[in-house]
Amino acid sequence: MQRFLKPFSSAWGFRRLIYSMAEREVLGRYKGSWLGLFWSLVTPILLLVVYMFVFGFIFKARWPQSNGVDEGFASLLFCGIIVYLMFSEILGRSPRLIVDNVNYVKRVVFPVDVLGWVAIGNSLFHFFISTVVLLAFVLFSGKGVGLSILMFPVLTLMFVLFLAGISWLVSALGVYIRDVTYVAGFLTTALTFLSPVFYPKSIVPEKFALVMDINPLTFYIENYRKVLVLNEFPDPTSFAIAAVVALGTFFLGYGFFQRVRRGFADVL
């Protein structure tokens, strides 16, 4: 049992370090700008307005569940995009997460595994800001938020565990195989279209349904839409399967990272 709790106890033991490093990254992103941290709120608002204008008024696109309402399309689209952006940021950054922090790797007492938590903390901050903007838009459009919102913390916890496993696995591979950077870049682009970001899973032809089902992003995008926009609860069966996959990815990534981390300093 202690072995399974180790990644959680490690994160809790270094929580102040993780928080301070994540805070420094968030503030550093907007360092020197006039609006500073306020950009983290302005950016998702501007993106939502752009999506609503382009897809709602120019393309006149409609979402099956939106009943032809522009606001419904914009919120469903924006929800998928913010989930994808969090995943793509972690996947795109992870291959060089260790390589770009050689000074930490060379320090014997520094817990290198916290770098994954720091990257997630940075992305999670912007994800929450975008979610607040989304919920405000949903309320403003008159849709309202139902009891399904109670599943948001659980769904987010699962997503964070999944991303942490991905981050550890990819960052460790990135130290030994530099080509991982290019593979991650390709996957980031490909998953933009192979995930139900700009469309619902329901319109995908049945012969391609398997491709969507094996893509873990499909579950998170579809269920974040249900919880935040459509006022629906996730399917219990798919939710249970996703929870197992998230935990499996988390422990697999952490175990692999710990096994190969001793060689980081020699390679770098």
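How do the residues of the lining of the largest pocket divide into nonpolar, polar and charged? They split into 14 nonpolar, one polar and two charged. Here Ala, Val, Leu, Ile, Met, Phe, Trp, Tyr, Cys and Pro count as nonpolar, Asp, Glu, Lys and Arg as charged, and the others, Gly among them, as polar.

This is a predicted model, in which local features need pLDDT of at least 70, side-chain atom pairs count only at pLDDT 80 or more, and totals for chains, interfaces and linings use all residues. Residues are numbered from 1 along each chain as its sequence is written, and side-chain values use heavy atoms, with hydrogens and water left out.

**View 1. The largest pocket.** A pocket is an open set of points on a 1 Å grid over the protein atoms alone, where a 1.4 Å probe fits, with protein on both sides within 12 Å along at least five of seven lines; lining residues have an atom within 4 Å of a point. The volume is about 540 Å³, taken as the space filled by probe spheres set on the points, which are joined across faces, edges and corners. The lining has 17 residues, and Ile18, Tyr19, Trp117, Gly121 and Leu124 lie nearest the centre. Two or more residues each come from α1 (2–13), α2 (15–29) and α6 (114–140). The largest share, seven residues, belongs to α2. Helices are DSSP runs (H or I, at least four residues), numbered from the N terminus.

**View 2. The second largest pocket.** This pocket has a volume of about 360 Å³. Of its 19 lining residues, Asp213, Thr218, Phe219, Ser238 and Ala242 lie nearest the centre. The elements giving two or more residues are α9 (209–213), α10 (216–230) and α11 (236–260). α10 gives the most, with seven residues. By class, the lining holds 10 nonpolar, four polar and five charged residues.

**View 3. Aromatic pairs.** The whole structure has 20 aromatic pairs, meaning rings of Phe, Tyr and Trp (its six-membered ring) with centres within 6.5 Å; planes under 30 degrees apart count as stacked, over 60 as edge-to-face and the rest as tilted. Phe8 and Phe250 are stacked, at 5.0 Å centre to centre and 25° between the planes. Phe8 lies in helix α1 and Phe250 in helix α11, so the pair ties together parts 242 residues apart in sequence. Phe8 is partly exposed at 33% relative accessibility, while Phe250 is buried at 0%. Buried means under 20% relative accessible area, exposed over 50%, and partly exposed in between (1.4 Å probe, protein chains only).

**View 4. A charge over a ring.** Arg15 lies over the face of Trp12, 4.0 Å from the ring centre. The criterion is NZ of Lys or CZ of Arg within 6 Å of the ring centre and within 35 degrees of the ring normal.
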